[in-house]
Amino acid sequence: MTGTPGPVRGWAAGLLRLTSLRLRLVVVFALVALTAAVSASGIAYWLNRDAVLTRTQNAALNDFRQSLADNTGSLPVQPPCDQLQDAAERIANSAQRYEVVLVDRSAAGGSCAAPSGEGGFTLSEVPESLRTAVNKERPADEGDGLPYHLYWQRITLDGDPYLVGGVKVIGGGPTGYMLKSLTSERDDLNSLAWSLGIATALALVGSALLAQAAASTVLRPVQRLGDAARRLGEGKLDTRLRVSGTDELADLSRTFNSAAASLEQRVEELSAREAASRRFVADMSHELRTPLTAITAVTEVLEDEVESFDPMVAPAVRLVVSETRRLGDLVENLMEVTRFDAGTARLVLDDVDVADLVTACIDARAWLDAVELDAERGNVARLDPRRLDVILANLIGNALKHGGSPVRVSVRTDAESLTVEVRDFGPGIPEEVLPHVFDRFYKASASRPRSEGSGLGLSIALENAHIHGGDITAANGPEGGAIFTLRLPMDAAPPEPDDDATEDAREAE
């Protein structure tokens, strides 16, 4: 037999591991912990981010507003650009470390934009939307009644974050813009994010360890219960669980022990009744053989003399003879069934030519004219010849009785198995009867409780196939008729002796 490929086995084992309760418990714990940690970390990050940025921008904007008012109040209307430059440098000289641009009309009538440093912050870096908002004059009845307000916006220049703000000095003064770098705040927030990420990872690992510990605590009793149930299913009815504690698992263990004890008691009672029934059938069959042997001898004499009897008596004599034979067959079949039930049936193996054995079976029962045999000579199998003869006799006889002749018997062999197919061309087996054809004493019609056979032939044939390690199946052919297929190994190994069964039943030979 070809083994399962390695990748398929690995995939199947992985699938089984994925579906284990322990892994699912660990995964659920990890997902819950991950969700909680990510949510908490996210909330903490956004709260801290908002607090850091709000504190930084408020400090810078308030300082810029105050410094702008202090340093531009003494400027003349339409100051020269050099005065605006000096004022911008004084405003930028702040602990908040921002850059400044002052914009106003110069004395020459043009516009002057004075930055606080060379090559630094320029008016072109201020967003157009912010400049529009800063220069827009509001009606006196809106807000606090002031015509101009301080506006700010966070922008990104060359990949770095900045805060830009602007306000127009009330009373015809210049318009000031400030640019403050938020790089240090970004770095602090990135460090905070890394810290929260590490904390989340540690929480995930801790939750997995906690789930593993919880799984071991919870699943260990469940595993013990599963092992005990498996041993109980294997027939070890004395299996019990050690009960400790008062929780639900302890109650489950007590329930299991109670059920196992009840099952053990019930099985013992049934086993005792079954053993008594087997002994009764064996003893009855054994005791019937002696008087039946004498009756059979008498009936044989009567059968030889039946032609000389009165015509009114002859039918009764023939009936007695046939019923005596039927009773003899029934007793022999009952004894054979008893051996199977008691486990005392044994194989007597021999090397046999299957085709010769089938031919001998057919010839011994005078079925040569009614059976078509398709078998090649020389196929030798190691089987029990007597039991194989019983199987074939029952299958072929059943086909002749219910399907009529001809019956076709086909024998096929290979290196490991023997297949014998017995087919008739009768009406076939009703579909509702097929599942029961091998049942003991089964009658296809309740209106015909009596038949010529004992009702045990096919069941005995099946038991003989099983003791060889084979099987028999029944089906209807596509063109009508029934097909019985016997499959046996070419080398049947006898089963191990069952000492208990031998003590429980007496084999009648």
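Visitor: How many salt bridges does the structure hold?

Guide: This is a predicted model, and 13 salt bridges are found in it. The general idea is a side-chain nitrogen of Lys or Arg within 4 Å of a carboxyl oxygen of Asp or Glu. One of them pairs Asp 160 with Arg 186, with 3.3 Å between the closest N and O atoms. This pair links distant parts of the chain, since Asp 160 sits in strand 4 (residues 160–168) and Arg 186 in helix 5 (residues 183–233), 26 residues apart.

Visitor: Is Asp 160 buried, partly exposed or exposed?

Guide: Asp 160 is partly exposed, at 25% relative accessibility. Arg 186 is also partly exposed, with a relative accessible area of 28%.

Visitor: What does the salt bridge between Asp 389 and Arg 365 tie together?

Guide: The side chains of Asp 389 and Arg 365 meet at 2.8 Å, N to O. Asp 389 belongs to helix 9 (residues 385–403), whereas Arg 365 is in the loop between helix 8 (354–364) and strand 7 (371–374), so the pair ties together parts that are 24 residues apart in sequence. Asp 389 counts as partly exposed at 22% relative accessibility, and Arg 365 is partly exposed at 32%.

Visitor: Which residues do salt bridges with shared partners join into one network?

Guide: Asp 160, Arg 186 and Asp 187 make up one such network.

Visitor: Next, aromatic rings. How many aromatic pairs does a search of the whole structure find?

Guide: The search gives 3 aromatic pairs. In general, the distance of the centres and the angle of the planes describe a pair of aromatic rings. For Tyr 45 and Trp 46 the ring centres are 5.7 Å apart and the planes stand at 80 degrees, so the pair is edge-to-face. Trp 46 is exposed, at a relative accessible area of 53%. Phe 438 and Phe 484 form another edge-to-face pair, 6.1 Å centre to centre with 85 degrees between the planes.

Visitor: Where do Phe 438 and Phe 484 lie?

Guide: Phe 438 is in the loop between strand 10 (417–423) and helix 10 (457–467), and Phe 484 is in strand 12 (residues 482–489), so the pair ties together parts 46 residues apart in sequence. Both Phe 438 and Phe 484 are buried.

Visitor: In which sense do strand 11 and strand 12 pair, parallel or antiparallel?

Guide: Strand 11 (residues 471–476) and strand 12 pair in the antiparallel sense, over 6 bridges. Phe 484 in strand 12 is the bridge partner of Ala 474. The hairpin of strand 11 and strand 12 has 5 residues between the strands, and Gly 480 there takes a positive phi near 100 degrees.

Visitor: Which residues other than glycine have a positive phi?

Guide: Most residues other than glycine have a negative phi, and most peptide bonds are trans. Arg 97 is one exception, with a positive phi of about 55 degrees. Arg 97 lies in the loop between helix 3 (81–92) and strand 1 (98–105) and is exposed at 71% relative accessibility. Ala 366 has a positive phi near 60 degrees. Ala 366 is in the loop between helix 8 and strand 7 and counts as exposed at 68%.

Visitor: Where is a cis peptide bond found?

Guide: A cis peptide bond joins Ser 405 and Pro 406, with omega about 0 degrees. Pro 406 is in the loop between helix 9 and strand 9 (407–413).

Visitor: Which residues form a nonpolar patch on the surface?

Guide: The patch consists of Leu 23, Val 27, Leu 31, Leu 34 and Val 38, together giving about 380 Å² of accessible area. Val 27, in helix 2 (residues 21–72), is partly exposed at 39%.

Methods
Residues numbered from 1 in each chain as written. Predicted model: local features only at pLDDT ≥ 70, side-chain atom pairs only at ≥ 80, totals over all residues. Heavy atoms only, no water. Patch = residues over 30% accessible without salt bridge, like charges linked within 9 Å, V, L, I, M, F, W, Y side chains within 5 Å. Areas by Shrake-Rupley, 256 points an atom, 1.4 Å probe, with all protein chains shown as cover. Helix = DSSP H or I, 4+ residues; strand = E, 2+ residues; numbered from the N terminus. Buried < 20%, exposed > 50% of the residue type's maximum accessible area, 1.4 Å probe, protein only. Phe/Tyr/Trp six-rings, centres within 6.5 Å; stacked < 30°, edge-to-face > 60°. Pairing = 2+ DSSP bridges.
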